[in-house]
Amino acid sequence: MTTVAATGLNVATPRAVVLPAARLHAPVRLNYPWKFVSMNRMVMSVKATSEGEISDKVEKSIQEAKETCADDPVSGECVAAWDEVEELSAAASHARDKKKAGGSDPLEEYCSDNPETDECRTYDN
Amino acid sequence: MAVSTIYSTQALNSTHFLTSSPSSTSSSSKQVFFYRRQTNRRFNTIITCAAQQTVVIGLAADSGCGKSTFMRRLTSVFGGAAEPPKGGNPDSNTLISDMTTVICLDDYHSLDRTGRKEKGVTALDPRANDFDLMYEQVKALKSGIAVEKPIYNHVTGLLDAPELIQPPKILVIEGLHPMFDERVRDLLDFSIYLDISNEVKFAWKIQRDMAERGHSLESIKASIEARKPDFDAFIDPQKQYADAVIEVLPTQLIPDDNEGKVLRVRLIMKEGVKYFSPVYLFDEGSTISWIPCGRKLTCSYPGINFNYQPDSYFDNEVSVVEMDGQFDRLDELIYVESHLSNLSTKFYGEVTQQMLKHADFPGSNNGTGLFQTIVGLKIRDLYEQLIANKATAPSEAAKA
């Protein structure tokens, strides 16, 4: 058996030279696939922020805006603070709409994204 | 859609190399040359593929982006539901369907929320936005190159890791400043501005925010007042560049109405825009006032008023179709549709069908829904005309 060395030299002798590059990377686990199931097989999707958090943020931002504007109603900071209130209110309202539109069933949500997984397969006959 | 024609009289069985040289023109049709290595004669086979032409639509609307009604109506006209990219950041603002991709321009904020607070600028201020990046990425997508677009997270107020956006057939850029930068403006094939009057905006924001704890009438009012100077300075001037403006005003049918439920909506369409023929009532260029309610149609209070006239808007020739009132029943809708001309529908009743499909969307019973749907159909028409014009496949077989 000849093994081509990394440098490109052709080793003519039947000696098997096991080079680091040629070492088997796949461990023996292939014989017992159930024993070495990786815990990361199902990738958990990033959890979207919940509605309650946004509502809290809105409330806090309104407080801050009122405080900032109490000092100086026409400063840039005051305007920026109210802009933040507006942005967060919009985000809160979108979150509410999304929640109302559905997507409260986590299995349905998962299956709409991954219809080929075992849990989500549907059969016609 | 890529159209390619291959001219070849001989099988390409000998060694050949191909070079693709994108043409220097902006239509970016790639030409592929096949050379057959033969000493005496050389057959050049030229394959020209018209690369995918991305149509870019700009939509300017206040108060952030997201799953707004107009976008849903627009994507529905083209078919398919628009959803956020699967498996990506759940707070992504992007919507993707088969034909369209909607990009929220908030993603091009150069300052995140803390940055803006430190500098004391609002999101409306051009200083908070990176127009260079916006221009480069929109240009790239228009030419058919995928981009890594940043994500602005509206909840945390931070700029998240970028997401990959593939060039779609129709790209919609939605946000506060689609027409602000001149270079981006030139890339747009069609632009729309949603002009909500102050009274209506106030009424809508009350409806939206009163359910939110922490908000009161004063805080909503203060928020609108604080943003007004920046809005008037930076966002409002974009109206003059838009090809279509949907203006929403309080109704004139109900005296002293402050509920904002019945609306007067005007669709202002610029004349002379390529591939865009304005909608009209009765005859183009005439002035007509029309109340459809009467013997053929019984409407409930306050009824429906239509108006059509040519006008001048910021030194541009425009045609204005106006609707005041609301629809109560299906037959009112179909009756009105049958009298409007140049709707670019593919079959009789398409506007009604689209409105009914989304009867739960806000504005489905008044001019906002009607004109948004009509603009959606106009955009489809514009897209088809653009594609038909650019999908030329000049194929030549040159024998040297």
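This is a predicted model: local features need pLDDT of at least 70, side-chain atom pairs count only at pLDDT 80 or more; totals for chains, interfaces and linings use all residues.
Colleague: Where in chain B is Phe314(B) found, and how are the elements around it to be read?
Modeller: Helices (H or I, at least four residues) and strands (E, at least two) are DSSP runs, numbered from the N terminus. Here, Phe314(B) sits in the loop between β16 and β17 (316-325) of chain B. Its phi is near 55°, a positive value in a residue other than glycine.

Colleague: What kind of peptide bond joins Tyr301(B) and Pro302(B)?
Modeller: The bond is cis, with omega about 0°. Pro302(B) belongs to the loop between β15 (288-290) and β16 (304-313) of chain B.

Colleague: How is chain B divided into domains?
Modeller: Domain bounds come from an automatic or database domain assignment. For chain B, the assignment gives domain 1 (51-194) and domain 2 (243-389), and the C-alpha centres of these domains lie 27 Å apart.

Colleague: How many residues of each domain are in contact, and how much area is buried between them?
Modeller: Contact means heavy atoms within 4.5 Å; buried area is the accessible area (1.4 Å probe) that two parts lose on being put together, summed over both. In chain B, 20 residues of domain 1 are in contact with 25 residues of domain 2. The two domains bury about 2,100 Å² between them, 69% of it on carbon and sulfur atoms. On the side of domain 1, Arg73(B), Val77(B) and Phe190(B) lose the most area to domain 2, together 35% of what that side buries.

Colleague: How many salt bridges join domain 1 and domain 2 of chain B?
Modeller: A salt bridge is a side-chain nitrogen of Lys or Arg within 4 Å of a carboxyl oxygen of Asp or Glu. Between these domains of chain B the count is zero.

Colleague: How many salt bridges cross the interface of chain B and chain A?
Modeller: The rule finds eight across that interface. One of them joins the side chains of Arg116(B) and Asp83(A) (3.8 Å, N to O).

Colleague: What is the extent of the contact between the two chains?
Modeller: Chain B supplies 32 residues and chain A 35 residues. Together the chains bury about 2,900 Å², 52% of it on carbon and sulfur atoms. In chain B, the residues that lose the most area to chain A are Val155(B), Glu212(B) and Arg213(B), together 21% of what that side buries.

Colleague: Finally, how many disulfides does the whole structure hold?
Modeller: A disulfide is a covalent bond between the sulfur atoms of two cysteines; the criterion is a pair of cysteine sulfur atoms within 2.5 Å. The search finds two over all chains. One of them links Cys69(A) and Cys78(A), with sulfur atoms 1.8 Å apart. With 105° about the S-S bond, the link of Cys69(A) and Cys78(A) is right-handed.

Technical notes. Residues are numbered from 1 along each chain as its sequence is written. Chains are lettered from A and ligands numbered from 1 in the order in which they are written. Side-chain values use heavy atoms; hydrogens and water are left out.
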